[in-house]
Amino acid sequence: MNSIHDYYSPNDLYNKIIEGLNKLGKDLSKVTLDDLQPVDEFHIRGDTATKELIELSGFTPDMHILDVGCGIGGSTRRLSHQTGCWVTGVDLSEGYIDTAERLTQLLNMQERVKFRATSALSLPFDDDSFDGAWSLQMNMNVEDKLSWLKEAYRVLRPGARAVLYEVCGNKNTPPYFPCRGRKTVP
Ligand SMILES: C[S@@+](CC[C@H](N)C(=O)[O-])C[C@H]1O[C@@H](n2cnc3c(N)ncnc32)[C@H](O)[C@@H]1O
């Protein structure tokens with residue numbers, strides 16, 4: 001888990017993003033989800049995939065969804081924006097969570113979108129706390145996949161839906177770091 005944590009530990013990421021927005025001439029009081037999309041959705045096919053997954057999710061405004069391995073919260077914010085639901089994002093990287101919180105404030109979405117720095121392997125939530133789970137390309141980083149899935153199951157209410165979007169390997173094309181599989185990463 002240490003190598004994954006180091007891999008996803010940026011230095012001063014929020015200010016670097018703000019610098020980039022300034023260089024593009026963006027008015028910081030009017031920044032949109034689409035302005036941030038090139039940097040805040042760390043998964044294959046970016047926001048195109050996120051929008052398709054939101055359509056498939058069936059999540060509604062009354063629901064509270066847990067985003068496991070949320071990164072800097074691009075898809076967390078988009079999920080809330082598009083469905084109206086409440087979302088709590090968790091991530092192993094304190095640097096990502098700090099950036100996620102600050103970007104969410106920049107977009108004035110902090111009422112419905114919250115974050116916590118924690119591991120997916122020990123979630124600081126009571127049993128049956130969430131109406132759904134959402135996790136985009138996090139599972140690939142975790143060696144003990146059954147444990148995080150059990151932990152997510154514990155905090156979901158009976159009948160809740162989980163949306164998982166993942167990198168998968170096969171015997172011809174194994175996944176490489178940062179994908180953690182028993183045979184690929186020492
Ligand atoms: C490829 S990024 C995807 C981020 C986000 N879901 C997205 O699509 O933009 C993988 C994320 O999983 C997080 N992660 C890896 N292992 C984790 C763990 N055990 N618990 C929580 N988050 C973890 C990493 O810190 C990283 O932010």
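This is a predicted model: local features need pLDDT of at least 70, side-chain atom pairs count only at pLDDT 80 or more; totals for chains, interfaces and linings use all residues.

Reader: OK, and what is 2.7 Å from a nitrogen atom of the ligand?

Author: That's a polar backbone atom of Gly69. Leu92 also takes part through its backbone: one of its N or O atoms is 3.2 Å from a ligand nitrogen.

Reader: How much of the ligand does the protein bury?

Author: The protein buries 98% of the 600 Å² that the ligand exposes when taken alone.

Reader: Which pocket is that, then?

Author: The ligand takes up the space of the largest pocket.

Reader: Which residues come nearest?

Author: There are 21 residues around the ligand, and Phe42, His43, Gly69, Asp91 and Ala120 come nearest.

Reader: And how many in that shell are nonpolar, polar or charged?

Author: The shell has 11 nonpolar residues, 7 polar ones and 3 charged ones.

Reader: Switching topic: how many helices and strands are in the chain?

Author: You get 7 helices and 5 strands. Reading from the N terminus, the order is α-α-α-α-β-α-β-α-β-β-α-β.

Reader: What about the radius of gyration, how does that fit a compact globule?

Author: It agrees: the chain has 16 Å, and a compact globule with 186 residues would have a radius of gyration near 16 Å. Along the principal axes, the C-alpha atoms fill a box of roughly 45 × 35 × 30 Å.

Reader: Great, thanks!

Methods:
Residues are numbered from 1 along each chain as its sequence is written. Side-chain values use heavy atoms; hydrogens and water are left out. A residue is near a molecule or strand if one of its heavy atoms lies within 4 Å of it. A polar contact is a pair of N or O atoms within 3.5 Å; within protein, one must be able to donate a hydrogen and the other to accept it, and residues adjacent in sequence count only if both atoms are side-chain atoms. Accessible areas come from the Shrake-Rupley method with a 1.4 Å probe; for residues, only the protein chains shown count as cover. On a 1 Å grid over the protein atoms alone, a cavity is a set of points where a 1.4 Å probe fits but cannot get out, and a pocket is an open set with protein on both sides within 12 Å along at least five of seven lines; lining residues have an atom within 4 Å of a point. A molecule sits in a cavity or pocket if more than half of its atoms lie within 2 Å of its grid points. Ala, Val, Leu, Ile, Met, Phe, Trp, Tyr, Cys and Pro count as nonpolar, Asp, Glu, Lys and Arg as charged, and the others, Gly among them, as polar. Helices (H or I, at least four residues) and strands (E, at least two) are DSSP runs, numbered from the N terminus. The radius of gyration is taken over C-alpha atoms; the globule rule is 2.2 Å times the number of residues to the power 0.38.
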